[in-house]
Amino acid sequence: MNKVYNIVPNEEGTERKVVLLTFDDGPKKKEWINSIIDVLDKHHAKAIFFVNGYRVKENPDLLKLIHERGQPIGNHSWDHISLKSEPLAKVTKQIVDVQNIVKEVTGTAPVFFRPPFGEGGEVGRKVAKEHHLLYMTWSNGSLDWTLKSKDKATNPDKVIKNVLDQLHPGANILMHELPWTVEALDTLLTKLEEKGYHFVDPASISVEPAAGG
Ligand SMILES: [Zn+2]
């Protein structure tokens with residue numbers, strides 16, 4: 001991953017036309033999670049599910065479901081708050097408590113951290129690093145979070161258009177556990193494949209920062 005959170009090859013000759021898929025703000029609903037993962041499986045893709053601690057606490061079974069269906073889990077803070085102006089102790093708790101609950105429920109602690117609103121601040125970066133988490137925001141926003149329920153008929157097409165409009169090799173695509181994104185996903189992934197894109201396996205991303213970077 002580079003400084004603007006794009007995915008770039010570690011080795012010469014590796015495929016450059018790749019995207020990273022991510023789903024934030026869950027786990028929310030069994031039906032949506034299963035539907036997302038059904039589509040990911042169909043396209044042989046993995047995505048990072050960036051979860052909030054308070055939602056995991058409400059629904060540990062949903063976290064287990066994501067994990068058992070083979071999808072990686074990322075840390076998205078406990079309360080989904082902006083961390084950029086918060087003191088060290090609070091930021092640490094927001095991050096560490098999620099590490100702990102995810103480890104408790106799945107047996108594995110996350111290796112990726114994404115601050116809510118992309119606002120981790122210097123403190124968020126520091127705490128993430130101390131806990132061996134790779135800090136990332138995104139480079140391609142689906143804008144699915146700006147869409148309204150009243151427009152649900154046209155929202156899936158908007159999600160697809162927003163992603164394709166911002167598409168570039170290495171795109172780090174931000175999506176959410178939202179009904180229109182769930183609905184758009186199969187068509188979106190098909191279109192990405194038609195354009196020659198492959199889906200990055202998050203397990204292949206170097207978590208330790210590259211030398212000099
Ligand atoms: Zn979020």
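His-44 sits in the loop between α1 and β2 (47-51), where helices (H or I, at least four residues) and strands (E, at least two) are DSSP runs, numbered from the N terminus. His-44 has a positive phi of about 50°, although it is not a glycine. A word on what you're looking at: this is a predicted model, in which local features need pLDDT of at least 70, side-chain atom pairs count only at pLDDT 80 or more, and totals for chains, interfaces and linings use all residues. Residues are numbered from 1 along each chain as its sequence is written, and side-chain values use heavy atoms, with hydrogens and water left out.

Now look at the loop between β1 and α1, where you'll find Pro-27. A cis peptide bond joins Gly-26 to Pro-27, with omega at about -5°.

Next comes α1 itself (residues 30-42), whose axis comes within 10 Å of that of helix α7 (residues 179-194), crossing at roughly 5°. Axes here are lines fitted to C-alpha atoms, for helices over the stretch in contact, and angles run from 0 to 180 degrees between N-to-C directions. α1 and α7 are therefore roughly parallel to each other, a label for angles under 35 degrees. On the α1 side, the residues in contact (heavy atoms within 4.5 Å) include Trp-32, Ile-36 and Leu-40, and the α7 side includes Val-182 and Leu-189. The residues of this contact divide into eight nonpolar, one polar and two charged. Ala, Val, Leu, Ile, Met, Phe, Trp, Tyr, Cys and Pro count as nonpolar, Asp, Glu, Lys and Arg as charged, and the others, Gly among them, as polar.

α1 also meets helix α3 (residues 60-68): their axes come within 10 Å and cross at roughly 10°. So α1 and α3 are roughly parallel to each other too. Here Lys-30, Ile-33, Asn-34 and Ile-37 of α1 touch Leu-62, Leu-65 and Ile-66 of α3. That makes five nonpolar residues, one polar and one charged.

Finally, the aromatic rings. The structure holds four aromatic pairs, meaning rings of Phe, Tyr and Trp (its six-membered ring) with centres within 6.5 Å; planes under 30 degrees apart count as stacked, over 60 as edge-to-face and the rest as tilted. Take Tyr-5 and Tyr-135: their ring centres are 6.3 Å apart and their planes at 45°, so the pair is tilted. Tyr-5 lies in the segment before β1 (18-26) and Tyr-135 in strand β5 (residues 134-135), so the pair links distant parts of the chain, 130 residues apart.

Technical notes
Angles under 35 degrees count as roughly parallel, over 145 as roughly antiparallel, 65 to 115 as roughly perpendicular and the rest as oblique.
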